[in-house]
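Below is a short exchange about one protein chain. The sequence and the coordinates come first.

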Amino acid sequence: KMSKSLGNFFTVRDLLDQGVPGEVIRFVFLSTHYRKPMDWTEKKAKEAEETLEKWALLTHDVEASDGINDEFLNYLTDDLNTAGAIAVMHKLAKSGEFSDLKKCAQWLGLKLSADQSTKDVFDWLVAGEEARPTIEAMIGKLADARAQKDYETADKIRDGLAEAGLSLTYDQDGGVTYKREEKFDLAKLEALK
């Protein structure tokens, strides 16, 4: 909720003057149904930027489809449900239907463009997907070592994963989840095998 009297009211021009790209602003607005209140947050802006960068790389050398995806169009014709249409676009990206994704972006007026910084983000995402089996295998070894009370081996694996740029979180049941940090280093992870 924004209010001029509370000082948290701003315009699109204010966001543009702060350096927020127009495409990001458009994407955040389109992600919320026009009948619902729209709360602008830095988190939403960052997620929008990352999504647009990812889609730009997925579609950069792809021709847009001639026709428009039926499910996407159904959402738009259902009370201009742009949030639903964007959910379809996420599905298209995940399933590798990049020509349809590009066409849908054009319909929403989203310009998908990639530059070197975008490529760096994409490379980071791809590296994470390539590393997932190794990471999960190492976490399995860590869990086994802990279960066998081999704390020296468990500590060595934990420290190696941290050195490779992974932060670990342990739940009450002894499960482990991980998060890749910006300093993630695939070579250091591979050296742990």
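This is a predicted model: local features need pLDDT of at least 70, side-chain atom pairs count only at pLDDT 80 or more; totals for chains, interfaces and linings use all residues.

Author: Residues are numbered from 1 along each chain as its sequence is written, and side-chain values use heavy atoms, with hydrogens and water left out.

Reader: What pattern does the protein follow along the sequence?
Author: Helices (H or I, at least four residues) and strands (E, at least two) are DSSP runs, numbered from the N terminus. The protein has 9 helices and 2 strands. Read along the sequence, the pattern is α-α-α-α-α-α-α-α-β-β-α.

Reader: What percentage of the residues in the protein is buried?
Author: Buried means under 20% relative accessible area, exposed over 50%, and partly exposed in between, with a 1.4 Å probe and protein chains only. Of the 193 residues, the buried share is 35%.

Reader: Which residues touch the most other members of the largest nonpolar core?
Author: A nonpolar core is a set of buried Ala, Val, Leu, Ile, Met, Phe, Trp, Tyr and Cys residues joined through side-chain atoms within 4.5 Å. In soluble globular proteins, nonpolar side chains tend to be buried together. The largest core here has 30 residues, and those touching the most other members are Val24, Trp40, Trp55, Phe72, Met89, Leu108 and Leu110. The elements that give two or more residues to this core are helix H2 (22–30), H3, H4, H5 and H6.

Reader: Which residues is Met89 in contact with, leaving aside neighbours within four places in sequence?
Author: Contact means heavy atoms within 4.5 Å. With those neighbours left aside, the partners of Met89 are Trp55, Phe72, Leu101, Cys104, Ala105, Leu108 and Leu110.

Reader: Which helices are included in what covers the buried residues of H6?
Author: Helix H6 spans residues 98–107, and its buried residues are Asp100, Leu101, Lys102, Lys103, Cys104 and Ala105. Their cover includes helix H3 (42–59), helix H4 (70–77) and helix H5 (82–95).

Reader: With which side chain does the side chain of Ser65 make a polar contact?
Author: Ser65 is found in the loop between H3 and H4. Ser65 counts as buried because its relative accessible area is 15%. Not counting residues up to four places away in sequence, Ser65 touches Ser99, Asp100 and Lys103. A polar contact is a pair of N or O atoms within 3.5 Å; within protein, one must be able to donate a hydrogen and the other to accept it, and residues adjacent in sequence count only if both atoms are side-chain atoms. At 2.4 Å, the partner of the Ser65 side chain is that of Asp100.

Reader: What is the phi of Asp79?
Author: Asp79 lies in the loop between H4 and H5. Asp79 is partly exposed because its relative accessible area is 31%. Although Asp79 is not a glycine, its phi is positive, at about 60°.

Reader: What is the phi of Leu80?
Author: Leu80 also lies in the loop between H4 and H5. With a relative accessible area of 47%, Leu80 is partly exposed. Leu80 is a residue other than glycine with a positive phi, near 50°.
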